[in-house]
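Please examine the sequence and the structure shown here before reading on.

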Amino acid sequence: MRHGFLDRHSRLQSPIHALPAWSKALATLAVVVSMAVASPSWWPVLVVAAVLLAAVTWQSRIPAGFLLRRLLLVEPVVVIVATLALWQPGGRTLFAMLVARSTLSLAALILFVNTTRFSEVLDLLRRCRVPSLLLTVLALMYRCVFVLVDEAERLQRARVSRSFSPSAARSWRWVAFQAGQLFVRSSERAERIYAAMCARGWRP
Amino acid sequence: MHIPDGFLSLQTAAAAAAVSAVTVGVCVRRLRRTLQPRQVPLLGLTATFVFVAQMLNFPVAGGTSGHLLGATLVAVLLGPAAAVLVITTVLVVQCLVFADGGLLALGANVLNMAVIGGLAGGGLHLLVRRFGSGLRGTVTAAAFASWCSVVLAATACAIQLALSGAAPARLVLPAMAGVHAVIGLGEAVITALVLVSIGTTRPELVGGVETPTSRRPALAPRGLLVVLALVALAVPFGSSLPDGLQWVVGQLGLEHRAVVTAGAPLADYLVPGLDSSLLATALAGLAGAGLMLGVSCLLGRLLVPGKRARAEG
């Protein structure tokens with residue numbers, strides 16, 4: 001598996017990508033916070049945010065189809081949670097408001113994630129005095145996700161090639177066994193990674 | 001259970017973020033004292049493992065499928081403090097790489113899944129493990145603890161939504177707790193199966209990374225108490241705000257003076273707030289926990305054969 005599957009678009013070249021990470025983080029936070037405090041009578045704020053986000057999407061050369069697909073992925077959760085608001089007085093306005101606020105915040109976050117490299121995000125977090133242990137674990141995780149996805153696929157291929165397709169009850173046992181062995185292999189890999197880190201002069 | 005942005009009010013999000021930041025800070029400080037350097041990569045790889053294991057599908061009836069959540073599993077494998085750190089990392093990557101779960105809601109998500117999931121799961125596991133010995137005890141306790149941690153996390157999530165005025169408490173609380181009582185059952189079975197898989201092949205991997213010191217068991221029970229206190233404190237508040245914004249408007253308006261002169265505003269809200277449906281939910285939760293303890297014992301017996309059975313077989 002290629003590592004690029006994580007955040008393909010964060011390596012594009014565009015004026016938005018060239019901006020420093022902190023400015024994009026601040027802008028995203030501003031959009032998200034203004035969405036959180038916006039009440040139904042503030043609907044012009046939502047329109048302004050939508051226009052702003054559309055402009056950023058256009059400038060950043062991120063395909064609009066990609067943005068829409070990512071939005072649709074999370075939208076069911078948003079709608080289900082928002083449906084609960086319908087049982088309140090003035091529920092319909094609140095429902096529309098919640099969906100709109102949530103969608104716009106989500107679009108802002110997707111744009112931030114896809115215009116900023118994770119290494120820049122980590123650098124930003126370090127400057128915000130996030131503990132170094134947390135940063136190390138974050139960096140390791142970002143680096144190793146695709147390695148372990150490959151490992152899981154190898155386990156799955158080995159299982160499928162040695163067995164018929166199991167019944168649902170048995171397949172739980174087998175998938176769980178796969179997960180367990182994935183952890184065993186992760187811990188073995190962690191030991192090798194530690195040796196490699198030490199060989200390169202890493203200090204905790 | 002990832003709360004997206006736009007649902008939580010600024011106050012709720014800020015309060016949750018503050019609690020999460022403090023707890024994660026305490027856990028990091030504790031780990032820095034007790035963790036050996038060679039275990040740092042293990043934390044990173046475990047976070048990756050949780051992320052990848054969440055992609056493995058467990059088929060449920062009707063073409064749907066569930067997946068592992070993992071907080072309790074990590075708490076059992078590495079210890080509660082490490083679990084908080086690991087699940088926090090998973091949530092941060094899900095938020096900042098995949099835009100899954102809101103940015104402003106990150107604090108609330110960390111509180112629900114990492115802090116409550118890890119500390120409640122780990123704490124309950126340590127408490128219940130005393131009922132059995134060896135792998136069977138671990139598996140039984142882990143199954144019970146993972147069910148409880150999922151239900152507690154869902155309850156906390158429902159309370160935050162209710163406090164933000166995004167959903168009425170008497171609806172969202174039973175709904176979230178009820179749905180997650182079922183999801184928790186799946187999580188309990190998966191956690192137990194995965195632990196059996198690890199425990200039978202590499203038994204030394206089960207049991208925590210923190211070096212055993214005299215202070216070691218202190219964190220988990222204390223953390224569990226904090227979690228239970230948080231939930232218990234928040235329940236009446238959440239239920240006394242049936243429709244957040246309207247309530248605030250009402251308080252700032254005419255009723256304001258009356259409440260202040262009454263002198264005991266809380267007494268006014270606590271009793272009508274804890275109406276029969278919430279009380280019923282709480283009782284159902286307790287009954288469910290009791291039932292789950294039995295199911296866990298059964299699961300432990302089923303999955304881990306006793307010494308006698310192993311000698312015969």
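The model is predicted: local features need pLDDT of at least 70, side-chain atom pairs count only at pLDDT 80 or more, and totals for chains, interfaces and linings use all residues. Side-chain values use heavy atoms, with hydrogens and water left out, and residues are numbered from 1 along each chain as its sequence is written.

## Extent of the interface

In contact (heavy atoms within 4.5 Å) are 66 residues of chain B and 69 residues of chain A. The two chains bury about 6200 Å² between them, 80% of it on carbon and sulfur atoms; this is the accessible area (1.4 Å probe) lost on being put together, summed over both. In chain B, the residues losing the most area to chain A are B:F7, B:L45 and B:L96, together 10% of what that side buries.

## The nonpolar core

The largest nonpolar core has 156 residues. Such a core consists of buried (under 20% relative accessible area, 1.4 Å probe, protein chains only) Ala, Val, Leu, Ile, Met, Phe, Trp, Tyr and Cys residues joined through side-chain atoms within 4.5 Å. Among the members that touch the most others are A:F118 and B:F7.

Beyond its neighbours within four places in sequence, B:F7 contacts residues of both chains, including A:V78, A:L98 and B:L161.

Conventions: Chains lettered and ligands numbered in written order. Buried < 20%, exposed > 50% of the residue type's maximum accessible area, 1.4 Å probe, protein only.
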